[in-house]
Amino acid sequence: MADSLTDDRILIAGGGIGGLSAAISLANHGISSHVLERSSTFSTEGAGIQLGPNATRILKEWGVLERLLPNSVVCEEILIGDGLTGELLTRVQFGKIAEQRYGGPFLLVHRADLHQALLNTAKKKPGIKIALECEARSYEQFPDKLMLKTMTGDMKGRALIAADGLWSTLRQQIDRGAVLSFAGKTAWRTLVDPDHLPAELQGPRTGVWLSSNVHLVHYPVLGGKKINLVAVVDERWGGRSEGWAQEADPKLLLPAFAKWDKRIENFVNYGTTWRKWSLFHLPPLRTWTQGSVTLLGDAAHPMLPFLAQGGAMAIEDAFVLARVLAEHDDDPWSAFRHFETARIKRTARTAYESRKMGNIYHMSGVLRLARNFVMRRSSPRSVLKKLDWLYQKNIEG
Ligand SMILES: Cc1cc2nc3c(=O)[nH]c(=O)nc-3n(C[C@H](O)[C@H](O)[C@H](O)COP(=O)(O)OP(=O)(O)OC[C@H]3O[C@@H](n4cnc5c(N)ncnc54)[C@H](O)[C@@H]3O)c2cc1C
């Protein structure tokens, strides 16, 4: 439980990827913060997460990457194929190339490991307080302070970073018109033993298999001990889901693979405990900031997961936000405006490209044939070059 606070810290609502990253990044600039997390424990749920070089480069600088590496797999390549025929269409090479070109590896990790590495780093930093069971409800601003109403009492701070995720409560106070809409897709997730994967797909690689109403992504996590399997299915309505714990009946999923290449269909059948997560879309907000309050991560710019970038963008936000706050130390109002200007275009582009990628993955009929034709002709080098804008070092503007 949180104590009622009367100090000058930056309050951070939400102790997920974005909230903990913000606390670490602020501490690196000598700025104290208080992270307020709604849950009673830090999450160990969820399955895998892919971290592009734009995220791992920052984690390296923060000392988080070295904690993460023992339990993760450095991705050598992404294979993209047609799920119906099993034909491999193209591959994107990462491995050492990603390190040399972008300054960080493409990493495959379990969410719980990422969270733990962030938490352990945060706990070692001076100036970071963390409170559990502290749900933020609303805020009130004054010229010299900010009051945050929580379930356990009022807290006073210098400014507020709302990193309270996709279903952000605090977002509503900044933009009442922001309404999430169901994206017509659900993500099904499970973990499978690596031996069940066809031999040619095993090892440090991600596989992405496409078809008209479902696509499948698989990659190793937990240092290679398990394969994280994600199936994204077109559905009319999957129900609102918060957290990663909603169990779902595989009998409703598996028929979607009936016409697939047998090797891949068989592999999907090894999944036992499936959990389901509905995907939501939110058009870019008009603004993320209001005086001494700013949104960060999914609260500011939720995105569909088809570029595997939501978590990475939260980490980038944290990196930039701490820099501008340090530069405008006495003036969070001005710092937050600069932060928004620095980040809004890049995150909007990433959200747009992610959505577009989802449509490309689920193409059918003649569009599917055209997509496959283009992919077959794309060299690994040319595919990677198209991702330069995303993985490059310039993450502002
Ligand atoms: C199927 C799927 C696959 C994905 N794969 C990838 C991937 O491969 N790579 C990638 O980079 N991203 C991926 N993402 C996106 C990524 O999970 C999110 O973008 C990321 O978790 C956002 O971090 P966040 O800190 O903003 O929000 P969250 O991680 O959701 O954290 C929000 C935190 O705030 C807490 N909270 C909520 N409300 C309150 C409140 N009122 N007061 C206090 N605390 C509160 C919550 O308990 C939670 O701990 C994927 C998403 C999905 C759905």
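Modeller: Handedness first: a crossing is left-handed if the near helix is turned anticlockwise from the far one by less than a right angle, and right-handed if clockwise. By that test α1 crosses α8 in the right-handed sense. Keep in mind that this is a predicted model, where local features need pLDDT of at least 70, side-chain atom pairs count only at pLDDT 80 or more, and totals for chains, interfaces and linings use all residues. Residues are numbered from 1 along each chain as its sequence is written.

Biologist: What makes α1 roughly parallel to α8?

Modeller: Their axes (lines fitted to C-alpha atoms over the stretch in contact, with angles from 0 to 180 degrees between N-to-C directions) make an angle of about 30° and lie 8 Å apart. Under 35 degrees counts as roughly parallel, over 145 as roughly antiparallel, 65 to 115 as roughly perpendicular, and the rest as oblique, so α1 is roughly parallel to α8. On the α1 side the contact (C-beta atoms, placed from the backbone, within 7 Å) includes Ile17, Gly18 and Ser21, with Gly311, Ala314 and Ile315 among the α8 partners. That contact has ten nonpolar, five polar and one charged residues (Ala, Val, Leu, Ile, Met, Phe, Trp, Tyr, Cys and Pro are nonpolar; Asp, Glu, Lys and Arg charged; the others, Gly among them, polar).

Biologist: Which residues are closest to the ligand?

Modeller: Gly14, Gly16, Gly165, Gly297 and Gly310, out of 32 that surround it (C-beta atom, placed from the backbone, within 6 Å). Helix α8 gives the largest share, four residues, while α1, β3 (48-51) and α8 each supply at least two. The shell divides into 14 nonpolar, 13 polar and five charged.

Biologist: What makes the chain as compact as a globular protein of that length?

Modeller: There are twelve helices and 20 strands (DSSP runs numbered from the N terminus: H or I, at least four residues, or E, at least two). The radius of gyration is 21 Å, close to the 21 Å that the globule rule gives for 397 residues, so the chain is as compact as a globular protein of that length. The radius is taken over C-alpha atoms, and the rule is 2.2 Å times the number of residues to the power 0.38. Along its principal axes the C-alpha trace spans about 65 × 40 × 35 Å.

Terms used: Two residues are in contact if their C-beta atoms, placed from the backbone, lie within 7 Å.
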